[in-house]
Every structure is written in structure tokens, then in C-alpha cells.
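Work through the exercises below with the model open. Try each task before reading its solution.

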Amino acid sequence: MTTVDDTPAPLTDDESEGQPPALTLARVRLGPGGPLGSVRIDGGRIVAVAETDELGGPALDMDGRTVLPGLWDAHVHAAQWAGNRRRADLAGLESARAVAEAVRSYARGLPDGEVLVGQGFRDGLWPDAPDKALLDSVCPDRPVALISADLHAAWLNSAGLALVGRPGHATGLLREHDCFEVLRALPEVPVEVLDRWAAEACREAAGRGVTGIVDFHFSDNLADWGRRAARGPLGVRVRAAVYPGHLDAVIERGFRTGDMLPGTGGLVRVGPLKLFTDGSLNTRTALCCEPYPGLEGTPEAHGIEETAYTELVRLMRRAAAHGIEPAVHAIGDRANRLALDAFGAVGCRGRIEHAQLLRTADMPRFAQLGVTASVQPAHAVDDRDVADRHWAGRTGRAFAYADLLAAGARLEFGSDAPVAPLDPWLGIAAAVHRTDDGRPAWHPEQRVPMRTALAASARGRTAIRAGDPADLVIVDADPGTADARTLRRMPVYGTLLGGHWTYGPG
């Protein structure tokens, strides 16, 4: 019999409220390919793990299913993901004309005067260009606002431009800063409605084995999640990112990254400070060392620098001095170099979000500087075609997870929902197989082992251990032997958060 230390770490007063009754998971496989055994849970923690059924107390027979550490999505825009499914779905449409025809169809079903909001277009490979005139031709009177899949571009008709205070804009296609300002100017969903949608999204995430998210929604995230937690159980743990506009208030409250937000039952903690160096691949605004094909000689041939390097360093230094970890958005290879330079200048640890294209010389710097590569493997399969076009000759350095691992970097996986669905299994499958559509693997040399992918989706947890929080997912198929299709659709039997069932039995 193998037994791990059965003394749980003490819980804080906030975490100790409403603890579930003790439970033993019996006849459960302990990790991929692991032995059958039992897991004893008490007080919200794992208190014993053994290759036996003799742990005592009330037991639930798992019938040989596999138990894993609870999964995390390390990069989510929660409110946008929650609202995304109420919008017109533009994913997979292959031209501006096809999107316009979809808008025409969606508009027929809406009440008069309601803004038509769509989500998910990708214009990086389109044969035609988005233009307000095209949307005007199919929907001249109703405001239309369409959001790109990567969230870095918005396409509006004339009525939509007038609604957000941009009448007379030449094309109706706005990118980066202009896009973000337009989205903030759209009519807001009532807070109570958005909170209900967010709660539904968290419950659905629990159904995929998710026990935690890092939320990068562009808002006062601490206030939003504090309010949601007060309204009822969240169903997931949340690390709520801070944006520069809220940094001073967070510092004044004495919060540091990782601190618990009072009154949330231990579920909401302060996240990192979110900063931007560049844009995105699909909008051709990711900051790169080489120019984009067809844009040579233009002011944005290499992409854009979203935050000047000196300002980036200033903000990172201020945050780090108060215990707030920076999380820096960087997609292009030049942007990643600048972000790493800034971490070196400040001398703090933190995260780079996306790290999609890297110079070979920069890969070892993640480990040297203590910077986590927070990546989204589903983007590697979603963006392979646009990368092949706009990063031709460089894609061996794109989504280079195996090379990062070989260089000693710590990886954490996320979805960037709604850019990709909030479903860790899609990212795990993409990281392991590097394809999702029947085509041969794209740069198969960058595959990662299954166990590495699972750990990167569980904040580094690799085993079921006594003393850890009872944040667990039980699956019907062993990930170690599942084929690619089964892995993407992984059947989840149940999810536990601090010993509470958030999905499945209970």
C-alpha cells in the first residue's frame, strides 16, 4: 500500500466556511495509466491517497475511472465568453461577403432597433476587405458591430459607427485601441444579466473539468468577481487580473498577487497586472522583426507597439514593488523580446501571455528570468493557415512549446476564450497532436507529452497528493491512452472544487 501524508494544510477562516462532508473516492485510477486506489477527502482537502479501498468512511465507487488534478484555464475573458454565445456566430466564414450575408440573415430575427452584435470573424485570409459599405448594403438601418475572433478588431456599419460616436469613419474597420474604445461604447448588458451569464459559463466550465480560471476581462475584475461571489457559489476559483487604470486602487488596498478577496469564500484572488506590448496575428498587428507580406514600406509593416518600452518598464516596476506580478501580452517575436527585456530590467518574475512567435535566442530567457509562458495551444491549430501566410518561413518558431520546454520554461495553458472555447481538453489535444481537422500535424516537432500538457492545464499539479485542495476532475477515459478525438471530447464524469461537486454526483 502506498499512502501519502494524510495531514491537510490548514484552511483560512474564509475557506473553511460550508465545508462538505468527508468522502472517499474508491476504485479510482490515480492519474493516467496509474494504479487503482482510493482518495479520501475531508475539510475541502485530500487527506489520504492509497492503492487500496481501505480508507474508510462513506465511499463512492468510481468503477475504474481516472482522477486528475482539477484543470485551470490560465487565460480567459470571462464576461466576453459569457456573452459571446448570445451573439451572431461568424466563425468559419471565409470572406467579408459571406459575413455580410450572415448579418442579413441574423438581422431578420431581431426586434426593431436592437444592435446586432456578432463575434468570431477572421479576416487574415479573406479575398476581400471588410468595409462599412458592405454591411450597409445588407443592414442599412440597424446598428451592426462585429468583433473579430481575436478581439483585436471591430467592423461596424454606418449606423453602428454613429452609435459609438465614430460617424464618417472611412471603412468601419477599427483595430487595437480604436477597437477597444468602440466596444466600450456599445450599449452595456445589465450587470445582473451579465452576472447570470457568467455563472452559467462557470457551471459549463466545471462540466469540462475546470476548477479555476485566470480572468483577463477588461474591467474592474476584483469588483466584478466580488459581486458575483456575493450572489452565490461561483463554481470555479478565479484569479482576477488588474488593469493599469485600477492599479493604484489595488495598491492602496494593500493587495498583492495571490491575496484572497475577502467575502468570496476563498474562491477569488488577486491576479496579475495585465499589460500589452503588441496586437495580434490575425489583425497583422503583432509586433514582428520581419514585415508582413504586402505591408512592406507602410508605417505598420512590422505590426504595432501597443505600449512604449519605457512605459512598460515603469508600470511593471511599480506593480512589482507592491507585490503585483506583471502579465505581459506579447505575440510577435519583437514584442516577446521587448517583454523579456522589460522583465530583465525590472528584475521581477511574471508571465508572458501568448508567446506565439519567438526568436530562438529568447527561448532560454523565460527560465533564466523566471517568466511563465502562458500559452493557448488551440491557437496553434486555429491559426496555422494564417501563420503560414503572414509568418512564412518562421512558423517553426511559432507556438514552439517543445522548444520552450527544452529550454526550461514553465508552461501554463489557457484558451483565451472567447477566441477559443473555454475547454481545456481542446488545448491539451492541440498541444499533444498539433492538428484538429484530419490534416497532418503542423510542426509535429513542437508536440508535448500528454503528462506535460495535463500539468500545464493544472497549474503544475502532476499528481493526486494528500494536503492539496480537493480540486479534482474524474474522467471516463484514461487520457494516457485516449485517441485524439476522444481527448478533444473527453467525457467528464464529475468535478470537485474544495470537495464540493460542481459537476456530476452530489
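## Cysteines

Cys348 has a relative accessible area of 11% and is buried. Keep in mind that this is a predicted model.

**Exercise 1.** Decide whether Cys289 is buried, partly exposed or exposed, and find how many disulfides there are.

Solution. 
- Step 1. Take the accessibility of Cys289: 32%.
- Step 2. Apply the cut-offs: buried is under 20%, exposed is over 50%. Cys289 therefore counts as partly exposed.
- Step 3. Count the disulfides. The total is zero.
- Step 4. Check Cys289 against that total. Its nearest cysteine sulfur belongs to Cys288, 7.4 Å away.

## Salt bridges

**Exercise 2.** Find which parts of the chain the bridge between Arg397 and Asp333 ties together.

Solution. 
- Step 1. The two side chains form a salt bridge at 3.4 Å, N to O.
- Step 2. Arg397 is in the loop between helix H14 (384-390) and helix H15 (401-406), while Asp333 is in helix H11 (residues 333-346), so the pair links parts 64 residues apart in sequence.
- Step 3. Asp333 is buried, at 2% relative accessibility.

**Exercise 3.** Classify both partners of the bridge between Asp437 and Arg439.

Solution. 
- Step 1. The N to O distance is 2.9 Å.
- Step 2. Asp437, at 42%, is partly exposed.
- Step 3. Arg439, at 33%, is partly exposed.

## Helix H8

**Exercise 4.** Describe the salt-bridge network that includes Asp224, and say what covers the buried residues of H8.

Solution. 
- Step 1. The network links Asp224 with Asp195, Arg227, Arg228 and Arg231.
- Step 2. Helix H8 spans residues 221-231, and its buried residues include Asp224 and Arg228. Trp225 and Leu222 are among them too.
- Step 3. The cover over these buried residues includes helix H7 (191-206), strand E12 (210-215) and helix H9 (244-252).
- Step 4. Look just past the helix. Gly232 takes a positive phi of about 160°.

Key
Residues are numbered from 1 along each chain as its sequence is written. This is a predicted model: local features need pLDDT of at least 70, side-chain atom pairs count only at pLDDT 80 or more; totals for chains, interfaces and linings use all residues. Side-chain values use heavy atoms; hydrogens and water are left out. A salt bridge is a side-chain nitrogen of Lys or Arg within 4 Å of a carboxyl oxygen of Asp or Glu. Helices (H or I, at least four residues) and strands (E, at least two) are DSSP runs, numbered from the N terminus. Buried means under 20% relative accessible area, exposed over 50%, partly exposed in between (1.4 Å probe, protein chains only). Contact means heavy atoms within 4.5 Å. A disulfide is a pair of cysteine sulfur atoms within 2.5 Å.
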